[in-house]
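Please look at the model below with the following notes to hand.

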Amino acid sequence: MQNKKIVISNAIICCILCVLGFFVSTINVSNTYLSVSAPLTNGDRKHSQIGLMFIIDEPELANNLTNILDTLDKAEASATFFFTGTSAINNLELLQTLKQKHEIGNYGFSNISLNLADKNLIYDEIRLGDILIKSLTNIQMKTFTPPTGSFNKHTIAMASNLGYTTVLPTNRETMIDWAKADSNLVLSYATYNIQNGDIIALKPTVATMQSFAQIIAHYTTNSWKITSLSRLLQL
């Protein structure tokens, strides 16, 4: 019965968002908008802290967050979590838990690359992500990260017009294939050549869950405070 209620609830939310999407899509974004040069990729290099961000672009990835959240709690650390629309709708209880101790960021509504999109589509994606999370959590998000890390000048400008600071993880020496990476590779990726103010992006895969206690131990051993992006960037 409980699962049936959740399915019905999610269906209602989807219908509401479809209606909202229709109205948002009719908005003709003005040609005049803020000009922002680039996303922020790190915080203050003088302070011993790093920002941790998680990308939940598939609903089932949220199943691995329980152990990760326990590890963060033990370390008295916080992080920023970015959900796609589908991932958010299918994890309503988790969103309520996260907003108590952590930060939720805007990932747009769909997991689509925005580097080739026009400003109207970009506006729709960011605005629908904003409407969805606000309707589910009653919070105002501060940070936006573009899906797949792809963006253009319109992406940053539209996010800024909607009150968001666009963020991306600090450049890593190597890219990682989250679908294939084992726990050793994730550990190496998350701990190699870290500097003060870095932003580290992780997906909560099984491999991440298995290595996460070691990742946090590495950070704390090196006296880095682990925090959300809005705190790292003093937003």
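1. The buried residues of helix H8 are Ala207, Thr208, Ser211, Phe212, Ile215, Ile216 and Tyr219; buried means under 20% relative accessible area, with a 1.4 Å probe and protein chains only. Among the elements covering them are strand S1 (49-56), helix H2 (65-74) and helix H7 (183-191).

2. This is a predicted model, in which local features need pLDDT of at least 70, side-chain atom pairs count only at pLDDT 80 or more, and totals for chains, interfaces and linings use all residues. Residues are numbered from 1 along each chain as its sequence is written, and side-chain values use heavy atoms, leaving out hydrogens and water.

3. H8 (residues 206-221) bends by about 50° at Phe212, the angle being taken between axes fitted to the seven residues ending there and the seven starting there. Ser223, which follows H8, has a positive phi near 65°.

4. In strand S3 (residues 103-106), Glu103 and Gly105 are buried on one side, Ile104 and Asn106 on the other. Strand S2 (residues 80-83) runs parallel to S3 and is joined to it by four bridges; Phe83 stands opposite Asn106.

5. The whole structure holds four aromatic pairs (ring centres within 6.5 Å; planes under 30 degrees apart are stacked, over 60 edge-to-face, the rest tilted). Trp178 and Tyr189 have ring centres 5.7 Å apart and planes at 85°, so this pair is edge-to-face. Trp178 lies in the loop between strand S5 (165-166) and H7, and Tyr189 in helix H7, so the pair ties together parts 11 residues apart in sequence.

6. Ring pairs also link Phe54, Phe81 and Phe212 into a cluster.

Definitions and conventions: Helix = DSSP H or I, 4+ residues; strand = E, 2+ residues; numbered from the N terminus. Buried < 20%, exposed > 50% of the residue type's maximum accessible area, 1.4 Å probe, protein only. Contact = heavy atoms within 4.5 Å. Pairing = 2+ DSSP bridges. Phe/Tyr/Trp six-rings, centres within 6.5 Å; stacked < 30°, edge-to-face > 60°.
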